[in-house]
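Dear colleague,

Please find the structure below, together with its sequence.

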Amino acid sequence: MGLIEYMKILIMAYGEDIIKSKYMQEQKKYIQHGNVSVFDHCVGVASVATYISIFLPIKLNERALIRGALLHDYFLYDWHIRDDSHKLHGFRHAKVALINAERDFSLCKIEKDIIKKHMFPLNIAPPRYLESIIVCIADKICAVLETLSISY
Ligand SMILES: [Fe+2]
Ligand SMILES: [Fe+2]
């Protein structure tokens, strides 16, 4: 089995319910960076985080890593549109995503930390678990690639 195939199986094994949820499917309508939707961004971050974790010599909670990554931007709005409620999106959306994710799924402490801390260092509370650090890094890598229209 190739690496991409293995990653797909892993992500679907742990995150299929999230990916197929109505709310996450709606995220296909909203743009995150460049011309990448929030949906594709979240699946992308989960993929990059999984990729990083495969090469780390440490045992991680793969399930929490994948589910937290899929839910890290769990909001429904286009933050590029000027609106008072979208001001300070960078500072606020992690909290919004956590509230939404807790409404729709039961989350473990690692998943909560991943969502809440993924905007570090913009949000000053540092990630507490290795899984949160990996998603935080994967998110930045994906944001740069998407903004530069580099497909990954
Ligand atoms: Fe985010
Ligand atoms: Fe993100």
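In what follows, two residues are said to be in contact if their C-beta atoms, placed from the backbone, lie within 7 Å. Please note that this is a predicted model.

On that basis, Ala69 is in contact with Val45, Ala46, Ala49, Ile114, Val135 and Ala138, leaving aside its neighbours within four places in sequence. Ala69 also belongs to the largest nonpolar core, which has 32 residues; it is among the members that touch the most others, together with Val45, Ala46, Ala49, Ala97, Val135 and Ala138. Helices α1, α3, α4, α5, α6 and α7 each supply at least two residues of this core. The greatest share comes from α3, with seven residues.

Helix α4

How many of the 10 residues of α4 are buried? Eight are, and the helix is thus mostly covered. The buried residues of α4 are Ala64, Leu65, Ile66, Arg67, Gly68, Ala69, Leu70 and Leu71. They pack against α1 (3-19), α3 (38-55), α5, α6 (109-117) and α7.

Helix packing

Two packed helices are described by the angle between their axes and the distance between the axes. For α4 (residues 62-71) and α7 (residues 130-147), the angle is about 40° and the axes are 10 Å apart. The two helices are therefore oblique to each other, and α4 passes α7 in a right-handed crossing. On the α4 side the contact is made by Ala64, Leu65, Gly68 and Ala69, and on the α7 side by Glu131, Ile134, Val135 and Ala138. Sorted by class, this contact of α4 with α7 has six nonpolar residues, one polar and one charged.

A second pair is formed by α1 and α3, whose axes come within 11 Å and cross at roughly 140°. That angle makes α1 oblique to α3. The crossing of α1 past α3 is right-handed. From α1, the residues in the contact are Met7, Leu10, Ile11, Gly15 and Ile19; from α3, they are Val43, Ala46, Ser47, Thr50 and Tyr51. By class, the contact of α1 with α3 has seven nonpolar and three polar residues, and no charged ones.

Individual residues

Is Leu98, which has 23 C-beta neighbours inside 10 Å, buried or exposed? A residue is buried if 20 or more other C-beta atoms lie within 10 Å of its own, so Leu98, with 23, counts as buried. Leu98 lies in helix α5 (residues 89-104). Leaving aside its neighbours within four places in sequence, Leu98 is in contact with Lys112, Ile115 and Lys116. Leu98 and Met7 are 91 residues apart in sequence, and their C-alpha atoms are 25 Å apart in space.

Ser149 is placed in the segment after α7. Because Ser149 has 10 C-beta neighbours inside 10 Å, this residue counts as exposed. The phi angle of Ser149 is near 55°, a positive value in a residue other than glycine.

The bond from Phe120 to Pro121 is cis, with omega near 10°. Pro121 is found in the loop between α6 and α7.

Yours sincerely

Notes. Residues numbered from 1 in each chain as written. Chains lettered and ligands numbered in written order. Predicted model: local features only at pLDDT ≥ 70, side-chain atom pairs only at ≥ 80, totals over all residues. Axes fitted to C-alpha atoms, helices over the stretch in contact; angles between N-to-C directions. Helix = DSSP H or I, 4+ residues; strand = E, 2+ residues; numbered from the N terminus. Parallel < 35°, antiparallel > 145°, perpendicular 65-115°, else oblique. Left-handed = near helix turned anticlockwise from the far one by under 90°. Nonpolar A, V, L, I, M, F, W, Y, C, P; charged D, E, K, R; others polar. Buried ≥ 20, exposed ≤ 12 C-beta atoms within 10 Å, placed from the backbone. Core = buried A, V, L, I, M, F, W, Y, C linked by C-beta atoms within 7 Å.
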